[in-house]
Amino acid sequence: MNDIKAVMIGGSAGSFQVVTKILASLPKDYKLPIFMCLHRLKHVRSGFVEALSIKSEMPVIEPFDKDPIRPGVIYLAPANYHMYIEADKRFSLSTEEPVNHSRPSIDLSFYTAAYAYKSKLAGIILSGANRDGAKGLKAVKDNGGITIVQDPKEAQVDTMPSSAMALTSIDYVYSTDQIISFLKKINNA
Amino acid sequence: MSDNIVTITDEELSFFIGSIRTFSDYDFTEYSEKSFKRRIEKVLMDYKLDLNSLILKMRKESDFLERIIKDITVNTTELFRDPKAWHTLKYRILPRLKDNNVINIWHAGCSTGQEVYSMLILLNEMGLIDKAKVYATDLNTDVIDVAKAGIYKYRFNLGYLDSFDKVIKENPYNYDEFKEVPYEKYFDIDKVQDSIKMKQFLKDKPVFRKHDLVKGGNIFYTKFDIIMCRNVLIYFNNSLQNKVFELFYKSLFDGGYLVLGIHESMLGPMTSKFEKKGSNYRKKLL
């Protein structure tokens, strides 16, 4: 197992319940930073971070531009911004055009995290209705990181994990419970 | 979209920035690396060029140079983006300035002008437009031309109307209060032409100038009550941000406001000279 230093999760508004379940299962003293890029419904842009905070023992934050990455924090890409990970382990935000109709774009967040963390990144794609994230997960693989998709059989809408599986080689196809065990395992590695 | 992704290395990025600096006035040395790199990669894909051909062409053709500068700088902006930020202007900041004889406002990095028109509409609703002097600058003359014309796509920007309602018609502190303000008071919507056109009285108001925040200084020989600079500094690194904060500090009246994007914050030595409230920074009184 690689020595994983960060986790990047992508999903759509429909994966909210899965995300909630995952976050609720992680202990307060979880060591790794977790980046999350989730598509949002246009009319419910706010309230996401509050809803996730209620369930999670770890702090959930929408980062500000240039914030340093801290261990044990869950970072959620803010609505209407792209979230990038810089090589010096800081965030930078961008308002450039939506990619695949999405801002935040999962692909863009994954590219930058893959480049910053190389083989020390685990990338996870959850349920979702479009192809965003597939190319991003390929970038994780190309940089030597670990690639995981939620089992399409379990996903509410399987376009997102299936597109990723079609584009790159996937290390693990996991159910939600397996994703949780994996996250706990890399934390103790 | 194709699945092929063009990527450039850190060395190629430095080479590109260094080259541009030798044959133009543009200096991108202190731009945020990730987003700048991504913009160059996008340009290479869109124009189907490799990096050397791109640099050569930019060196030879000044029109092409300007076009690429426009493409690699981010020019996205919206009417009343983040209504909460505009509520702060409407209920907290502008009321404190309403008794001034003049209200000086600088939109730094105005891009295609949507924030400028948002401000003008808000000022007009508050009865302050006549005492306001509004200045707007951007690095790129192409986007300034769009800002002056004040014409935007309609279908692509349906969110504008929703945000307009939230800021201009509704009162977030009192849901019973609702002010009926027709859109036609400020812009004409033409669904066939797919356009939103700002009214002439709004377009007559601002002074637009080309200005480079990296090198420019204060070109207006006046100080400001409000500097709007939202989602511009995110493209700069910390050291360049700090230089721009120094410029803004010098350009504000005591007690003047610097308004940043809702996910931007000031870091570094200038923070002690401002009083922070959310993403608004008030220049401390000496």
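In this predicted model, B:Asp188 has B:Lys197 as its bridge partner, a residue of strand 5 of chain B.

Strand 4 and strand 5 of chain B are among the elements against which the buried residues of helix 8 of chain B pack, together with helix 5 (83-97), helix 6 (114-125) and strand 3 (151-153) of chain B. Helix 8 itself, which runs over residues 159-169 of chain B, is mostly covered, since eight of its eleven residues are buried. Among these buried residues are B:Tyr160, B:Leu161, B:Phe164 and B:Ile168, and the list also includes B:Asp165 and B:Lys169.

**The sheet of chain A**

Chain A has an open sheet of seven strands, placed in the order 3-4-2-1-7-8-9, and the pairing is parallel. Strand 3 (60-61) and strand 9 (172-174) of chain A stand at the edges, where each has a single partner strand, so one side of each is left without a neighbour in the sheet. Within the sheet, strand 7 (residues 121-125) and strand 8 (residues 146-150) of chain A pair in the parallel sense over four bridges, and A:Gly123 has A:Thr147, in strand 8 of chain A, as its bridge partner. Helix 3 (residues 106-117) of chain A packs on this sheet and touches strand 1 (6-11), strand 2 (34-38) and strand 7 of chain A, while its direction makes about 165° with that of strand 1 of chain A.

**Where the two chains meet**

How much area do chain A and chain B bury between them? The value is about 2,600 Å², and 49% of it lies on carbon and sulfur atoms. Chain A gives 30 residues to the contact, and chain B gives 30 residues. Four salt bridges are counted between chain A and chain B, and B:Glu78 forms a salt bridge with A:Arg103 in which the closest N and O atoms are 3.2 Å apart. Across the interface there are also 18 residue pairs in polar contact. On the side of chain A that touches chain B, the elements that give two or more residues are strand 5 (82-85), strand 6 (91-94) and helix 3 of chain A, and helix 3 of chain A supplies the largest share, four residues.

**Two residues compared**

The table sets out two residues, one from each chain, with their relative accessible areas.

| Residue | Relative accessible area | Class |
|---|---|---|
| B:Arg39 | 4% | buried |
| A:Pro68 | 42% | partly exposed |

B:Arg39 lies in helix 2 (residues 33-47) of chain B. Leaving aside residues up to four places away in sequence, B:Arg39 touches A:Glu96 and A:Glu97 of chain A as well as B:Asp71, B:Ile72, B:Thr73 and B:Val74 of chain B. With 4% relative accessibility, B:Arg39 is under the 20% cut-off and therefore counts as buried.

A:Pro68 is found in the loop between strand 3 and strand 4 (74-76) of chain A. Apart from neighbours within four places in sequence, A:Pro68 is in contact with A:Tyr75, A:Lys89, A:Arg90 and A:Phe91. A:Pro68 and A:Ser119, which are 51 residues apart in sequence, lie 20 Å apart in space from C-alpha to C-alpha.

Key: Residues are numbered from 1 along each chain as its sequence is written. Chains are lettered from A and ligands numbered from 1 in the order in which they are written. This is a predicted model: local features need pLDDT of at least 70, side-chain atom pairs count only at pLDDT 80 or more; totals for chains, interfaces and linings use all residues. Side-chain values use heavy atoms; hydrogens and water are left out. Two strands pair if DSSP finds at least two bridges between them. Buried means under 20% relative accessible area, exposed over 50%, partly exposed in between (1.4 Å probe, protein chains only). Contact means heavy atoms within 4.5 Å. Axes are lines fitted to C-alpha atoms, for helices over the stretch in contact, and angles run from 0 to 180 degrees between N-to-C directions. Buried area is the accessible area (1.4 Å probe) that two parts lose on being put together, summed over both. A salt bridge is a side-chain nitrogen of Lys or Arg within 4 Å of a carboxyl oxygen of Asp or Glu. A polar contact is a pair of N or O atoms within 3.5 Å; within protein, one must be able to donate a hydrogen and the other to accept it, and residues adjacent in sequence count only if both atoms are side-chain atoms.
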